[in-house]
Amino acid sequence: MWGAAATPCLLPAAWLLALHAGLLAGVNITSPSALVRGTAGKAALLSVRYASASPDKPVVKWQLKRDKPVTVVQSIGTEIIGNLRPDYRDRIRVLENGSLLISPLQLADEGAYEVEVSITDDTFTGEKTINLTVDIPISKPQVLVASSTVLELSEFFTLNCSHENGTKPTYTWLKDGRPLSNDSRLLLSPDQKILTITRVLMADDDVYSCLVENPISHGRSIPVKLTVYRRSSLYIILSTGGIFLLVTLVTVCACWKPSKKAKQQAEPPPPDYTEQDEEHPKHEAESVPRGTDHDRKAPLALYILKEQQEPPAPQEDSPPPAGRSPGRGARRYHRSPAPAR
């Protein structure tokens, strides 16, 4: 009897235990990934799965966590209930397993999304949080430099990594394809977009490029060759203003010419024999050897004239004419004074 009486008493206890176990189970939610990286303009799926002993359709609620949570959508199964916010209209869809599909994505969609799944017969509601990032792909970067050449020991040289598009970029500088090692001469801007090399050395002569990355893309610039020239003493002089002085000196020397008037005053005037002859007649005999061409030619002309006037020379046997001594004509030629003007 005790066994027969005990059996009915155990049935309610077993039923209560089983019911209690079912209530503790509630709705169980799982997600393949707690982080979804989305691209602006494309679709993003916040995937979840739920399990429940109840055959009823679940009530799904998605919220975007802000300072104040924003309700994105509510649905019974896949049927949306209530009115969607204007910025979510025509971009939201709830799938049968409770997943949320957003398309096309906007930058404002980024944030932490929390989903709640509840069933009427279940006491406990399942919850899950998924983080969504929305980014714009990185466009092709390029390294901008003021000049591809630099002088050794220059104070600084700057390289700027530039790109048109891309959100949340991170920059990595490469030298000959390898990340730059730490150096006290290498200075990076707070966003690491600008690289400054202080006190340039010959070892800095190499190729440089920059790598830009964000959660959905990356890009690498075309390498830029930096040429470092060795500083020489001549270059130091020229670079400190010597070139200006040199050009000025060369210009002055090339443009300077002596004045013609000064040159004429410097040269002594040629002797004027005519004036001397007119002013000093007694000096005429001394000036004859240095006379003009006309003065030197005059005696020759006189000689020719007298020679024409001379009678033919007598033969050797005949005596010279009376009153004339031999050789008188020759002596007259040598001793005749210059003709008077």
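First, the ground rules. This is a predicted model, with pLDDT of at least 70 needed for local features and 80 or more for side-chain atom pairs, while totals for chains, interfaces and linings use all residues. Residues are numbered from 1 along each chain as its sequence is written, and side-chain values use heavy atoms, without hydrogens and water.

Strand 21 covers residues 224–229. Strands here are DSSP E runs of at least two residues, numbered from the N terminus. V224, L226 and V228 point to one face and are buried. Buried means under 20% relative accessible area, exposed over 50%, partly exposed in between, with a 1.4 Å probe and protein chains only.

Now its neighbours. Pairing requires at least two DSSP bridges between two strands. Strand 13, residues 149–151, pairs with strand 21 in the parallel sense over 3 bridges. There, L151 has Y229 as its bridge partner. Strand 19, residues 206–214, pairs with strand 21 in the antiparallel sense, also over 3 bridges. D206 stands opposite L226.

On to the cores. A nonpolar core is a set of buried Ala, Val, Leu, Ile, Met, Phe, Trp, Tyr and Cys residues joined through side-chain atoms within 4.5 Å. The largest has 26 residues, and W62, V72, L100, Y113 and L132 have the most contacts inside it. A second, separate core of 17 residues includes V150, L195, I197 and V212.

Last, T120. It sits in the loop between strand 10 and strand 11. T120 counts as exposed because its relative accessibility is 70%.

Terms used
Helices (H or I, at least four residues) and strands (E, at least two) are DSSP runs, numbered from the N terminus.
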